[in-house]
Amino acid sequence: MEILHLMVPIAIILVVIAIVIFFWAVRTGQFDDLERQGYSVLLDEDNEQPKSAAKKQQKQDTTNTNEANSKQGEKHTE
């Protein structure tokens with residue numbers, strides 16, 4: 001019976017911690033859009049590239065644009 005003097009306060013502390021975590025999750029928007037994650041499994045997103053590939057492609061496009069601009073500048077100076 002003496003264990004109840006220890007178990008009851010521990011249980012109350014755990015419940016209070018769980019309530020605090022729940023309210024933190026609600027306040028930070030964890031439950032704002034519950035359906036989007038479910039639909040993301042069903043929808044194909046083939047046109048999106050991974051971030052590293054997108055950055056690589058952007059750098060390549062910038063380089064190609066700069067080369068094209070420099071060639072046009074050379075043609076105009078001649």
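Visitor: How many helices and strands are there in the protein chain?

Guide: This predicted model has three helices and zero strands in its protein chain. Read along the sequence, the pattern is α-α-α.

Visitor: Which helix has the highest mean pLDDT, and which the lowest?

Guide: Helix 1 has the highest, at 96, and helix 3 (residues 51-77) the lowest, at 64. For the protein chain, the mean pLDDT is 78, and 60% of the residues reach 70 or more.

Visitor: How do you know that the span of helix 1 agrees with its number of residues?

Guide: We can check it together. Helix 1 covers residues 4-27, which is 24 residues. The expected span is 1.5 Å times one less than the number of residues, so helix 1 should span 34 Å. Its end C-alpha atoms are 34 Å apart, and therefore the two values agree.

Visitor: What follows helix 1?

Guide: That would be G29, whose phi is positive, near 90°.

Visitor: How many aromatic pairs does the structure hold?

Guide: It holds two. One of them joins F22 and F23, with 5.6 Å centre to centre and 70° between the planes.

Visitor: What makes the pair of F22 and F31 tilted?

Guide: Their centres are 6.0 Å apart, with 40° between the planes. Under 30 degrees would count as stacked and over 60 as edge-to-face, so 40° leaves tilted.

Visitor: Why does F22 count as partly exposed?

Guide: Buried means under 20% relative accessible area and exposed means over 50%. F22 has 45%, so it falls in between. By the same cut-offs, F23 is partly exposed because its value is 47%, and F31 is partly exposed because its value is 43%.

Visitor: What share of the residues in the protein chain is buried?

Guide: Buried residues make up 1% of the 78 residues. The protein chain exposes about 7,900 Å², and carbon and sulfur atoms supply 60% of that area.

Technical notes:
Residues numbered from 1 in each chain as written. Predicted model: local features only at pLDDT ≥ 70, side-chain atom pairs only at ≥ 80, totals over all residues. Heavy atoms only, no water. Helix = DSSP H or I, 4+ residues; strand = E, 2+ residues; numbered from the N terminus. Phe/Tyr/Trp six-rings, centres within 6.5 Å; stacked < 30°, edge-to-face > 60°. Buried < 20%, exposed > 50% of the residue type's maximum accessible area, 1.4 Å probe, protein only. Areas by Shrake-Rupley, 256 points an atom, 1.4 Å probe, with all protein chains shown as cover. pLDDT = per-residue confidence, 0-100.
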